[in-house]
Amino acid sequence: MRGIAYDRFGDESVLQLRDDLPEPPVGPDTVLVRTRAAGVNPVDMGIREGGLAGFFPHHFPIVPGWDLAGVVERVGPAVVDFAPGDEVFGYLRRDDVQWGTTAELVPGPQRCIAHKPDSLGFTEAAALPLAGLTAYQALTEALDVGEGDRVLVHRAAGGVGFFAVQIAAALGAHVIGTASPRNHGFLRDAGAAEVLDYNAGPISAQLSEPVDAVLDLVGGPALGDAPDQVRDPKRVASVVDPAVLDLGGRYVFVRPERHDLEELGRMADAGQLRVAIAKAFPLAQTADAQRLVAEGHVRGKVVVTI
């Protein structure tokens, strides 16, 4: 099997294009997917550098990637909702780290997969799961965003932020995003009612009044300013900094959830959610894709096509 893999932790240089990877096992409740595209996320670099070694069992060689879109190749005997030939997408976070998504064939627990929305091609669908689920679960569960809420989204032009702006707007919220000036029009087109420049001083000083909910995608000083941005610190959620717990808020670590994937697909097909692709790389350039994401100023999502 062809794919990208690495045999030790390190920088982008450890990534190798290989033609000799073994075909992955297919368990009773597993869906084997022939990958068409795989999303690239900051967590991929964290795993590659060994940053999650204390949280998940790791088995080399490791194929990177948790986002995927493709076609079902084979299913385990307990799988009833998918069949060979189905077009699917998913956030394939397993209980261990080994069989990632930048390979021709990827095994995924059926709980991690949903049918691909008709309105999205494989490249767009592969960019949606991890970032989209992160935004959706943070907004609907941790922050309970609803009609009329004023919601502040930090780093709103990034992968998670761009989806969060659209999802919050679809939930009926008045959305305020933070971004550099070059991305202000981009975010207004996505549904942001206001956009603030994060380089223009503390966001709390730029707000006309405190908001109802804050989604932190930055951490550090931006999160430290959050209590002055929001009416109630309990409605601050961060996906990057567990220190939010010290403020009384919620830390969000995205989980695979088919129902939520299906809801993202419904929103995409209803025209409420679009996917912005910053750049698509061929499989052999996965190291370049990860390097671009690591720079931290990407507008939208980076994807590897297979």
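This is a predicted model: local features need pLDDT of at least 70, side-chain atom pairs count only at pLDDT 80 or more; totals for chains, interfaces and linings use all residues.
Pro61 is found in the loop between helix 1 and strand 4, the latter spanning residues 67–75. A cis peptide bond joins Phe60 to this proline, with omega at about -5°.

**Annotation and overall content**

- In an unreviewed UniProt entry, the annotation "domain: Enoyl reductase (ER)" covers residues 10–304.

**Domain assignment**

- The domain assignment of the protein gives domain 1 as 3–129 + 255–305, and domain 2 as 143–251.
- To the contact between them, domain 1 contributes 14 residues and domain 2 contributes 13 residues.
- Taken over C-alpha atoms, the centres of domain 1 and domain 2 are separated by 27 Å.

**Interface between domain 1 and domain 2**

- The size of an interface is often expressed as the accessible area that is lost when the parts come together.
- For domain 1 and domain 2, the area buried between them is about 1100 Å², with 60% of it on carbon and sulfur atoms.
- On the side of domain 1 that touches domain 2, the residues divide into 8 nonpolar, 3 polar and 3 charged.

**Gly46 and its surroundings**

- Gly46 belongs to helix 1, which comprises residues 42–48.
- When residues up to four places away in sequence are not counted, Gly46 touches Gly51 and Leu52.
- Gly46 and Ala294 are 248 residues apart along the chain, while their C-alpha atoms are separated by 9.7 Å.

**Backbone geometry at Asp144**

- Asp144 is placed in the loop between helix 3 (129–142) and strand 8 (150–153).
- The phi angle of Asp144 is near 50°, which is a positive value in a residue other than glycine.

Key:
Residues are numbered from 1 along each chain as its sequence is written. Side-chain values use heavy atoms; hydrogens and water are left out. UniProt positions are given in the numbering used here, feature names are shortened, and annotations may be inferred rather than shown by experiment. Domain bounds come from an automatic or database domain assignment. Contact means heavy atoms within 4.5 Å. Buried area is the accessible area (1.4 Å probe) that two parts lose on being put together, summed over both. Ala, Val, Leu, Ile, Met, Phe, Trp, Tyr, Cys and Pro count as nonpolar, Asp, Glu, Lys and Arg as charged, and the others, Gly among them, as polar. Helices (H or I, at least four residues) and strands (E, at least two) are DSSP runs, numbered from the N terminus.
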